Amino acid sequence: APFKYDLGRFNTMNSVTFDHPDPSIYTVLTAPTDTPGVAVCDFVIFPHRWMVMNHSFRPPYFHRNCMSEYMGMISGKYDAKVGFVPGGSSLHSCMTPHGPDAATFYKASSEELSPVHFDKGLAFMFESSYMLKLTQSALQAPERDLDYYKCWQQLPKVFDPSK
């Protein structure tokens, strides 16, 4: 049966030492499968929170998932992508690399790491172990951002396999 939940009452967990935590700590609801640790769908929110990690890259790190992520903005702005506005959404299918855009990377890589209270937005994510398929309507929508991939074009190559 449907129910209503005030997302403003969700108690956010976060890292207070180092590193950006896995987004699973922001899970509000889970629909489990018969396999332990595997979800049909997790509903996750990214609400206001304190970011206080030391010696860390605070935005979500660059990664790939074994699950598909459908993310959307409810209000305000997102802390890892310039221009991700309320009503906007993105889909990163299983094993699709993604992470913060170049502007966010440069800002986060050079700013002083003092405690920051992020209270500028509310985003959500549905994460599923199943592949998600776009409808024809979504594929043909005029609002699609055909240049989405370009947000990563200006990222520097910093990987050093000798370290």
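Trainee: What should I know before I start?

Mentor: This is a predicted model: local features need pLDDT of at least 70, side-chain atom pairs count only at pLDDT 80 or more, and totals for chains, interfaces and linings use all residues. Residues are numbered from 1 along each chain as its sequence is written, and side-chain values use heavy atoms, with hydrogens and water left out.

Trainee: How many cavities of 30 Å³ or more does a search of the whole structure find?

Mentor: Rolling a probe the size of a water molecule over the atoms shows where empty space is left. On a 1 Å grid over the protein atoms alone, a cavity is a set of points where a 1.4 Å probe fits but cannot get out; a pocket is an open set with protein on both sides within 12 Å along at least five of seven lines; lining residues have an atom within 4 Å of a point. Volume is the space filled by probe spheres set on the points, which are joined across faces, edges and corners. Here the search finds 1 cavity. Of its 19 lining residues, Pro60, His63, Met71, Tyr78 and His98 are closest to the centre.

Trainee: Which residues lie nearest the centre of the largest pocket?

Mentor: Ser89, Ser90, Arg144, Asp145 and Tyr148, out of 25 lining residues. This pocket holds about 810 Å³ of space.

Trainee: How much space lies in the second largest pocket?

Mentor: About 470 Å³. Its lining has 18 residues, with Lys77, Tyr78, Asp79, Lys107 and Phe118 nearest the centre.
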